[in-house]
Amino acid sequence: MSSTARRSNPVAALWDRLPTVSPRVFRVLTLISLVFLGLIVVTGGAVRLTGSGLGCPTWPQCGDGSFTPHSEYALHGAVEFGNRMVSILMGVFMLVTPLAALRLADRRARRDLVWLSFGLWAGFVSQAVLGGITVLTDLHPATVAAHFLLSMLLLVDGVVLYRRARQGAGPVTVSVRRELLWLARVLVVVAAGVLVLGTVVTGTGPHSGDDEKAKRFGFDIVNVAQLHADSAMLVTGLAVAMAFAVRIAKASQEARRWADVLVVTIVAQAAVGFTQYFLGIPAGLVALHVTGATLMWIAALRLWLALPDRPSLITPALASAVVDVGAVIDTHDADSASTVVDAVDHPVSAAPSRVVTAQLTD
């Protein structure tokens with residue numbers, strides 16, 4: 001659209017007058033979005049574990065003629081309504097984030113951030129639709145499982161967006177062996193399988209979300225629980241192998257840290273899982289297990305994303321500081337000054353001095 005046409009279009013003119021969004025503000029938005037993505041899983045689990053899945057028997061209203069719970073729905077209505085309020089707040093940030101991505105100063109170079117942000121919004125809309133279907137099907141375990149797994153898929157988008165917002169644009173490089181990268185990918189796939197089997201166990205067990213209407217899968221709980229436990233043991237072995245491999249391969253400190261976090265999370269998950277099974281699946285431990293599954297998934301994703309290298313995020317203030325450092329290094333050495341400027345313009349290909357590298361790391 002030409003500049004004249006944009007001035008004649010009031011919507012386009014208003015959009016052009018909006019302030020640009022700084023990288024710092026956008027990073028905060030991605031963090032808030034990620035927090036809400038995890039929170040909605042926890043509140044959704046609370047809905048199921050308290051038997052409040054049909055606390056609001058209609059959707060999007062909470063009972064005929066009202067969007068708030070009637071007094072006769074008591075606690076169940078309040079729990080379900082609270083989950084819906086968290087969903088609405090999450091939806092606000094899911095909408096603000098892609099709009100903010102479109103107002104980034106370097107949005108043409110950061111189309112990845114724009115697409116990932118709109119992916120969050122599309123996923124949120126899909127979750128809202130699927131939530132309505134789940135209520136209309138009286139909490140069929142298949143739709144409940146799909147609701148949870150879509151949240152896990154949204155977490156993939158959110159975790160990638162959160163990390164990419166802290167990195168610069170440019171090509172991906174891999175400084176570790178390809179075998180290690182593939183091991184991380186296999187670990188993520190197996191972890192996803194554990195989550196899927198976990199929904200089968202949930203759909204077979206006693207916590208349906210509503211004791212009167214909700215159906216069950218009808219599988220033998222012992223068999224599906226054993227299959228889920230076997231897959232959990234497999235992901236535990238892979239995580240321990242990764243914890244050793246990232247050290248042998250001299251991967252980044254970030255990769256080593258997330259490998260340790262993943263091992264600790266998985267071991268804790270296994271302990272909670274076995275305990276809840278032998279204690280008759282109490283609701284409190286199930287809630288802790290759902291929270292742990294979310295944390296495990298995030299840790300597995302962060303470990304995978306920590307292995308490839310991307311350019312550092314160069315902010316205007318940092319670029320100015322780096323140039324100042326270049327002047328201090330040697331005001332008479334043209335090669336040093338050129339190297340510093342190249343480090344700002346091409347942070348992947350340049351070979352900056354130790355001082356400049358420290359600036360970029362900070």
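Analyst: Start with the largest nonpolar core, which has 66 residues. Phe26, Val246, Leu262, Leu303 and Leu307 have the most contacts inside it. Helix 10 (283-306) gives the largest share of this core, 12 residues. This is a predicted model: local features need pLDDT of at least 70, side-chain atom pairs need 80 or more, and totals for chains, interfaces and linings use all residues. Residues are numbered from 1 along each chain as its sequence is written, and side-chain values use heavy atoms, without hydrogens or water.

User: What makes a set of residues a nonpolar core?

Analyst: Its members are buried Ala, Val, Leu, Ile, Met, Phe, Trp, Tyr and Cys residues, joined through side-chain atoms within 4.5 Å. Buried means under 20% relative accessible area, with a 1.4 Å probe and protein chains only.

User: Which residues is Leu303 in contact with, beyond its neighbours within four places in sequence?

Analyst: Leu187, Met242, Val246, Ala255, Trp258, Ala259 and Leu262. Contact means heavy atoms within 4.5 Å.

User: Why is Met233 called partly exposed?

Analyst: Its relative accessibility is 41%. Exposed means over 50%, and partly exposed lies between the buried and exposed cut-offs. Therefore Met233 counts as partly exposed. Met233 lies in helix 8.

User: How is helix 6 (residues 141-164) described as mostly covered or mostly open?

Analyst: Mostly covered: 17 of its 24 residues are buried.

User: What span does helix 6 reach, and what is expected?

Analyst: Helix 6 reaches 35 Å from its first C-alpha to its last, close to the 34 Å expected. The expected span is 1.5 Å times one less than the number of residues. Helices are DSSP runs (H or I, at least four residues), numbered from the N terminus.

Terms used:
Helix = DSSP H or I, 4+ residues; strand = E, 2+ residues; numbered from the N terminus.
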